[in-house]
Amino acid sequence: MTMVIVFPNTERASARREEAMATVQEHSVMRRVAWRLVPFLGLAYFINALDRFNISIAALTMNKALGLSATTYGLGAGAFFWSYVLFQVPANAVLTRLGARRWLAFTMVMWGVCSAGTAFVTDATTFVAIRFLLGVAEAGYFPGFAWFMTRWFPARYRGRAMGIFYAFGAAAGVIGGPVSGNLLLLDGWHGLAGWQWIFLIEGIPAAMLAMICPFLLRDRVADAHFLNADERSWLEQRLEQENRQSVTQTLTLMRALATPMVLLLILGYLFIGFGVYSKNFFLPLMIKGMGFNDQTVGYLSALPNAAGCLGMILLSRSSDRTGERVWHVAGPCLIACLGLMLVGLTLRHYPIVALVAYCVAGFGISSSLPTFWNLPTAFLGPAAAAGGIAIINSVGNISGYVAPQLVGIIRDYTGSYEVPMMVASLFMLGAAVCIMAAPRTAARMATQPVA
């Protein structure tokens, strides 16, 4: 008779070892993907944000040189978003056909040329025209990137990657403010004004990055030579599994966009944009109104952006670690609301307190953005993801025109920036309300059969 000795924990221990090995492999794959894609795409977004917002520093001397009032400057700053909104969906349609490598490279070249061309505007009309063309050139980059991330990063890792990506954009304000402020010192060099040198010098890097793009990016996981066959297979299966689990995986784009959740997300992103653009386009002008010189303004305007960088990284990591998304967007919106309200109450009589409040607002506004994009990408299935992201981004960016125009009009009417900042704080409150309401509509939809 043979005695068989059974060890009850053996199978469980073996399963735990296999699970631990799978986790190690998973982390290894995602580290390699992240190091391959995020630094380059983040650097491109850094240049993208720099070329979009460097007019806020250039305006310190450009407005006087061109005879622009606050209203006219707001019109020109916002003209970028006319075309940015109109061309995002067509640009993303081209992206899905041509592939990320070719389309993003072309986009970088075009926005670099348009940004540098801003140096040669002569009046309000040419200023508005070149900003419109810059919007056309940049229209495809961000929604293309957001869609591209869904093709490479599972949901568990996407928030962290988006946080780093957005931090690059916020870093443009941290580094770009002081750099642009010092470029104003080139005034008169080779017969050009300092504000003209800002656009010329900062427009070049985009074209340089475009030459690297085809060598670093791959349109599909199957083409990723930096991963071995097993790693490619694992990543493809993981992404496909998540696509099948999407609540609206069978919905067409137009049906998905008609759902209450997506409409609330569009409205929420629109309101967040009011906070972003009310602050970004006018912050240097408001700081200069406190009595600082142009170079000091460049350094001080970097502080709220530095707070935003910190917030992006901390909250996106926290969101990925906990799996919670809604309050990691709505909470920062409420923080931004309080910060902007405090700016409006203290700007005239307590400038140092207002500057601290700007840092609080910058922390809140920037922290809300990376995690926000986990909400629509989790809800929209593969049939709707690319176009849905583009439409949410394009409609949301209508605020890029309305916000600076509204701030400029109220500033000229009241003679100060206090009231515009209070208005911006109310929009951030509205954003928080929309974000908190959206998941309830998604939960109701998830219980209904899809026709």
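Met110 is found in helix H5 (residues 100-117), helices being DSSP runs of H or I with at least four residues, numbered from the N terminus. The model is predicted, so that local features need pLDDT of at least 70 and side-chain atom pairs count only at pLDDT 80 or more, while totals for chains, interfaces and linings use all residues. Residues are numbered from 1 along each chain as its sequence is written, and side-chain values use heavy atoms, with hydrogens and water left out.

Together with Phe106, Val109 and Val113, Met110 forms a nonpolar surface patch with about 330 Å² of accessible area. Accessible areas come from the Shrake-Rupley method with a 1.4 Å probe.

Gly177, in helix H8 (residues 155-183), is buried, with a relative accessible area of 5%. Beyond its neighbours within four places in sequence, Gly177 is in contact (heavy atoms within 4.5 Å) with Ile57, Ala172, Gly298 and Ser301. The C-alpha atoms of Gly177 and Ser301 are separated by 6.3 Å, although the two residues are 124 residues apart along the chain.

Methods. Helices (H or I, at least four residues) and strands (E, at least two) are DSSP runs, numbered from the N terminus. Buried means under 20% relative accessible area, exposed over 50%, partly exposed in between (1.4 Å probe, protein chains only). Patches are made of residues with over 30% relative accessible area and no salt bridge: like charges are joined within 9 Å, nonpolar side chains (Val, Leu, Ile, Met, Phe, Trp, Tyr) within 5 Å. A salt bridge is a side-chain nitrogen of Lys or Arg within 4 Å of a carboxyl oxygen of Asp or Glu.
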